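Subject: Structure handover

Hello,

Here is the structure I promised you. Please open it beside this email; my notes follow below.

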Protein chains: 2
Amino acid sequence: MNVLLVFAHPEPKSLNGSLKDFMVQRMEKSGHQVQVSDLYAMQWKAVLDANDNIAKQEGERFDPSQNSQQAFYNNTQSADIACEQEKLRWADAVILQFPLWWFSMPAILKGWVERVYAYGFAYGVGEHSDKHWGNRYGEGNLAGKRAMLVVTTGGWESHYNARGINGPINDILFPIQHGILFYPGFDVLPPYIIYRTGRVDEDAFAQACDELGERLDNLWVTQPIAFRKQNNGDYDIPALTLRADILPGQSGLSIHEYEI
Amino acid sequence: MNVLLVFAHPEPKSLNGSLKDFMVQRMEKSGHQVQVSDLYAMQWKAVLDANDNIAKQEGERFDPSQNSQQAFYNNTQSADIACEQEKLRWADAVILQFPLWWFSMPAILKGWVERVYAYGFAYGVGEHSDKHWGNRYGEGNLAGKRAMLVVTTGGWESHYNARGINGPINDILFPIQHGILFYPGFDVLPPYIIYRTGRVDEDAFAQACDELGERLDNLWVTQPIAFRKQNNGDYDIPALTLRADILPGQSGLSIHEYEI
């Protein structure tokens, strides 16, 4: 299978750098093809702007969505964007690996999402009707592919548990796992998280590699997070609120998963 | 009072650009001093890297936190970072204004947070003991200042309500409001959100200005979101989980607000 690893850490000799090297080796040893988008090494342009469309004319009012749509359909996207989209088309699975900085992904990776996720590619696709509100949340051009986060954080696991002060890790990651990955169609696997990075010695690193290696070996069989599909009848359209008879009276992020 | 407006939209003639101009006028008319950090216009460097410390030596292993701490204490931060910190010290209130891109702030603004929020400035401050886990979440160098988000999104309000498919807007914004603003000490005011931006005509814009103008007029008296302070006795330290006798059995993001 083909795996795209999008890696967002500035230091190759960091814990994240070592984990990245381990993952590539492990997956290649298992016979997979791996491509790495090492965003810092590539000096990835993080900032979405009018230059992302090479046909953009001077003096126009810049509309990010419209510019993206025109560039995508007219083949005038800047080369770095088109190249990453090609990698996504090629991939059967995508891994986003990053340190949690201020409770989200590093800016360089956020900018990868913003620029590569073009209108017509990752959003703005599919019919809009009173039964179907675009191909998104479980449908879309990336449907059939799998995605997983590999995240490190200095905080303790308890700080991110159900009652931890930082918020439950799955809630903190919801905008990424549901909003960035499930939205264009990915099946999203549970994340692999390493906590308390300041204390990761050789033993802890070896243990992390064991766990992560197992996660990689099971990449194709692991049950994805059971996010509800938008157009499967669970949501009222166009309000896109969960039907009143499903988990009545409940709210919050977890209602957007099927009850198992 | 002094207000810092951090603005993250690439197009001055956009809805966001017009709102920004309106806000500056309204606040200046009320006698406030306003500084605007217009990140796109400033060509803000979005990517945190070793160059953020001008004393950084070639060949060293780059540790983002350590590099930030050394630069902060040795006065070797790059000038753009020091300048933004000075604006934050000057400000009585900070407004972050941005379009919601992929359920979070644009990369350029995330990179502003990552680079300006130095170790020793926005984190890594205060004593660590079994009663006090650093000055954070309600304490810190930015305590006593107010902060507010002004956010636009193409989606409908119902898509972001308690049962909306995107997740409740306050949950989506929790990593920013709690994790980025409350963490270093800000009192966080309820956000001002404009939904369905594609449909904002002249009337809707006038209405938004009325509402937002009122929010600005009340910036100094509006009740902040009642996030629980970390070191006030509500959390077990060092686990930093909410005490078992507070909202027993409950979980999720909303438990981190005081019951009113």
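First, some terms. Axes are lines fitted to C-alpha atoms, for helices over the stretch in contact, and angles run from 0 to 180 degrees between N-to-C directions. Helices (H or I, at least four residues) and strands (E, at least two) are DSSP runs, numbered from the N terminus.

The model is predicted: local features need pLDDT of at least 70, side-chain atom pairs count only at pLDDT 80 or more, and totals for chains, interfaces and linings use all residues. Residues are numbered from 1 along each chain as its sequence is written, while chains are lettered from A and ligands numbered from 1 in the order in which they are written.

**Helix packing in chain A**

Helix 3 (residues 79-90) of chain A packs against helix 4 (residues 107-116) of chain A at about 90 degrees, and their axes are 9 Å apart. The two helices of chain A are therefore roughly perpendicular (angles of 65 to 115 degrees). Helix 3 of chain A brings A:Ile81, A:Glu84 and A:Gln85 to the contact, and helix 4 of chain A brings A:Trp112, A:Arg115 and A:Val116. Contact here is C-beta atoms, placed from the backbone, within 7 Å. By class, 3 residues are nonpolar, 1 is polar and 2 are charged. Nonpolar covers Ala, Val, Leu, Ile, Met, Phe, Trp, Tyr, Cys and Pro; charged covers Asp, Glu, Lys and Arg; the others, Gly among them, are polar.

**Chain A overall**

Chain A has 7 helices and 8 strands. Its C-alpha trace spans about 55 × 50 × 35 Å along the principal axes. Of its 260 residues, 44% count as buried (20 or more other C-beta atoms within 10 Å of a residue's own).

**The two chains together**

At the interface, 51 residues of chain B contact 51 residues of chain A. Helix 4 of chain B gives the most to the side of chain B that touches chain A, with 6 residues. That side divides into 28 nonpolar, 15 polar and 8 charged residues. Of the interface residues of chain B, 100% are also interface residues in chain A, so the copies meet through the same surface.

Best wishes

Notes:
Parallel < 35°, antiparallel > 145°, perpendicular 65-115°, else oblique. Contact = placed C-beta atoms within 7 Å. Buried ≥ 20, exposed ≤ 12 C-beta atoms within 10 Å, placed from the backbone.
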